[in-house]
Amino acid sequence: MKNPYLPYPVRIDEITTETEDKNLKTFKFAFINPDDEKDFTYTPGQFAELSVAGKGEIPIGIASSPTEKGFVKFTVNKVGSVTSHLHNMSVGDIMGVRGPLGNWYPWEEMEGKNVVIVGGGFAFTTLRSSIIYMLHPENRSRFRDITVVYGARTPGMLLYKEELATWEKRDDIKMHITVDGTTDPEWKYNIGFVPAITEKKISSAENSIAIVCGPPIMIKFTQPVLEKLGFPPERIILSLEMRMKCGIGKCGRCNIGEKYVCKDGPVFSLAQLKQLPPEY
Amino acid sequence: MTDKIFNKKDWFDTLKGLRNSYRIFVPVREGDFHNFRSLEDETIPNFDFFNTRLSPKSVVYPQSERMLECLNDTESPEHGVLKEAAKDYSQQAIIGIRPCDAQAFQIVKRNFDNPDYRDPLWVQRFESTILVGMGCNAPCPTCFCSSVGGGPFSEEYLDAIIFDLQGRYLIKGLTERGNEIISNMQGGTPADVKVIDESKAIAALANERVTSTVPSDKLTEKSVTGLFGAPFWEDVAFSCINCGTCTFLCPTCWCFDIQDETCGKQVDRVRNWDTCMSPLFTLEGSGHNPREKKFQRVRQRFMHKLKYYPDKFKSGVQCSGCGRCVRYCPVNIDIRRVAAMMNEY
């Protein structure tokens with residue numbers, strides 16, 4: 001019987017410090033057994049459990065895109081004991097990845113539509129996966145306009161800065177990068193909170209679907225902006241977080257009503273969430 | 001016909017004889033109460049009990065169980081790579097399990113063994129476990145098995161059933177595995193019609209004795225957000241001290257935690273029973289906790305058992321009516337009262 005608790009062994013191939021506070025690092029893993037990479041077939045929006053033997057596991061969104069071959073990437077915020085240990089690990093170290101877990105963004109439904117991505121802080125990981133996936137030559141024609149609003153507290157707290165700069169220059173994706181505030185006189189992008197920038201930059205909800213990922217406070221204030229723009233709750237897509245252990249809907253802690261965030265989520269439409277107890 | 005009758009004085013020898021083929025679990029008296037224990041040479045089984053204090057869920061689902069292991073040795077090429085821990089899934093039997101506790105395994109099975117994922121540890125242990133039940137001649141006033149699809153002599157979830165007939169036991173096979181274990185029992189005499197009639201009379205009498213009920217007929221039609229927002233949760237939870245006795249004793253509570261333990265170079269990934277009564281159960285790394293308040297946790301327990309579970313699995317409630325949570329709650333919170341409140345809301 002296949003054991004869903006058994007992680008695939010991986011090697012850390014690259015570690016990138018993402019933010020000026022050094023609290024966020026991106027880990028690039030290579031699978032030790034080539035067959036495991038084939039088994040680890042994922043879709044943007046899914047997550048996995050990063051496993052450090054002797055320390056434990058943490059559920060983290062997959063930041064790489066399935067169109068990027070030969071590795072998987074995760075961006076990890078240093079919070080508790082597993083993430084702190086992980087931040088002290090080195091290139092070449094062996095650990096585990098268990099997954100892919102959960103559902104994904106509604107890619108079929110998004111086909112032929114304008115895609116509005118609203119992200120805040122370090123919740124941008126599966127959104128990076130999604131952008132890379134949509135911009136891939138094989139996929140770009142499946143979607144209409146792609147618009148991204150992404151904000152962080154300061155310029156130094158933005159993730160994937162080099163990629164953001166590349167996307168800025170492209171004409172097949174519209175970027176609206178913003179920071180809460182900055183003292184940098186060279187800053188050439190927006191200043192303001194994500195909900196306000198969304199209200200300013202997004203003009204229509206017509207044939208559009210919005211994916212929102214960020215801290216609870218950002219989601220709380222972005223939701224009415226999108227609803228005012230005319231996005232129905234079915235076309236506002238959210239990715240949730242919750243304390244998790246098993247990741248496969250067994251251990252019982254990440255439920256919202258009868259749904260488990262780990263197995264039935266993490267992606268829910270606002271319409272689905274409105275049917276569930278507001279306990280997350 | 002494999003049904004057999006045993007004299008009580010020969011019964012323990014018969015059970016001990018089964019150990020050649022099975023690992024046997026029997027009720028054992030421990031102070032003022034009973035628990036299921038593995039039958040060893042020195043064990044004295046005691047079948048004179050209402051129900052065991054702890055449910056036999058640990059026989060299938062240990063309170064603490066090693067799932068994976070590895071050697072953290074930087075010299076080794078296997079360093080940091082977790083492997084499945086070795087397991088012994090040879091045949092075992094629980095002798096004397098009450099029908100309610102047997103039904104509980106079927107309730108829990110929907111969680112551990114479904115088309116989404118099969119939990120290999122639970123499934124393999126459950127499949128190697130034979131349930132030889134013992135009907136309840138004298139159900140407790142707190143028992144309500146007949147409200148939730150069972151009964152004191154319910155045969156539905158058992159492999160075999162024992163009837164306690166004054167000085168003798170009648171054991172009746174219900175499944176192939178049940179018949180097999182009976183045929184492996186040394187001694188005994190074939191059951192006759194008179195004994196079968198006697199057992200039916202005892203069962204009928206016991207059925208009448210379960211008078212306690214849990215109304216749940218209107219729960220499925222209720223709106224989940226409506227019940228969630230009901231005004232009575234603070235009141236229900238008022239006296240709760242979040243001790244977790246209810247979840248610990250409950251045969252249908254399955255929630256678990258996963259922890260890594262190290263001893264020298266040995267690393268074990270262990271799963272332990274957990275409880276939704278603890279605020280740590282849902283505390284996130286950021287400090288946010290969706291069930292920070294006591295009443296939210298109490299509400300979660302009742303909503304899970306009586307609303308979320310039936311909605312999710314399109315089944316009955318997640319409760320087999322054993323009444324342990326009612327008997328041992330230190331502040332007298334009673335699921336029968338809460339179910340009635342939810343059903344009428």
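How many of the 345 residues of chain B count as buried? I looked this up before anything else. The figure is 43%. I note here that the model is predicted.

**Chain B, overall**

I went through the secondary structure of chain B and found 12 helices and 12 strands. Next I checked the radius of gyration, which is 22 Å. The globule rule gives 20 Å for 345 residues, and the value for chain B is close to that, so chain B is as compact as a globular protein of that length. Along the principal axes, its C-alpha atoms fill a box of roughly 65 × 65 × 40 Å. I also looked at contact range in chain B. Taking contacts between residues at least 6 apart in sequence, I find that 70% join residues at least 24 apart.

**Chain B, two domains**

Domain 1 of chain B covers 4-62 + 88-209, and domain 2 covers 224-262 + 272-344. I read 28 Å between their C-alpha centres. Domain 1 of chain B puts 23 residues into the contact and domain 2 of chain B puts in 18. Which helix gives the most to the domain 1 side? It is α3 of chain B, residues 99-112, with nine residues. I sorted the domain 1 side by residue type: 12 nonpolar, eight polar and three charged.

**Helix α12 of chain B**

I turned to α12(B), residues 335-344. I335(B), V338(B), A339(B) and M342(B) are buried there. I followed their packing partners in chain B. These are α7 (224-228), α8 (233-237), α10 (294-313) and α11 (324-328).

**Where chain A meets chain B**

I looked up the contact between the chains. Chain A supplies 34 residues and chain B supplies 43. On the chain A side, the elements giving two or more residues are β4 (56-61) and β6 (94-101). The largest share comes from β6(A), with three residues. By type, I list the chain A side as 15 nonpolar, 10 polar and nine charged.

I traced the pairing from β1(A), residues 8-17, to β2(A), residues 24-31. The two strands are antiparallel, with seven bridges. Across this pair, E14(A) stands opposite K28(A).

β2(A) has another partner, β5(A), residues 72-77. Six bridges join these two, again antiparallel.

**C254 of chain A**

My last stop was C254(A). It sits in the loop between β12 (236-239) and β13 (255-256) of chain A. Is C254(A) buried or exposed? I count 27 other C-beta atoms within 10 Å, and 20 or more is the cut-off, so C254(A) is buried. I then looked at what C254(A) touches, leaving out residues up to four places away in sequence. The list is M242(A), R243(A), M244(A), Y260(A), V261(A) and C262(A). I checked one of these, R243(A), for distance. R243(A) and C254(A) are 11 residues apart in sequence and 6.1 Å apart in space, C-alpha to C-alpha.

Key
Residues are numbered from 1 along each chain as its sequence is written. Chains are lettered from A and ligands numbered from 1 in the order in which they are written. This is a predicted model: local features need pLDDT of at least 70, side-chain atom pairs count only at pLDDT 80 or more; totals for chains, interfaces and linings use all residues. Two residues are in contact if their C-beta atoms, placed from the backbone, lie within 7 Å. Helices (H or I, at least four residues) and strands (E, at least two) are DSSP runs, numbered from the N terminus. Ala, Val, Leu, Ile, Met, Phe, Trp, Tyr, Cys and Pro count as nonpolar, Asp, Glu, Lys and Arg as charged, and the others, Gly among them, as polar. Two strands pair if DSSP finds at least two bridges between them. Domain bounds come from an automatic or database domain assignment. A residue is buried if 20 or more other C-beta atoms lie within 10 Å of its own, exposed if 12 or fewer, and partly exposed in between; C-beta atoms are placed from the backbone. The radius of gyration is taken over C-alpha atoms; the globule rule is 2.2 Å times the number of residues to the power 0.38.
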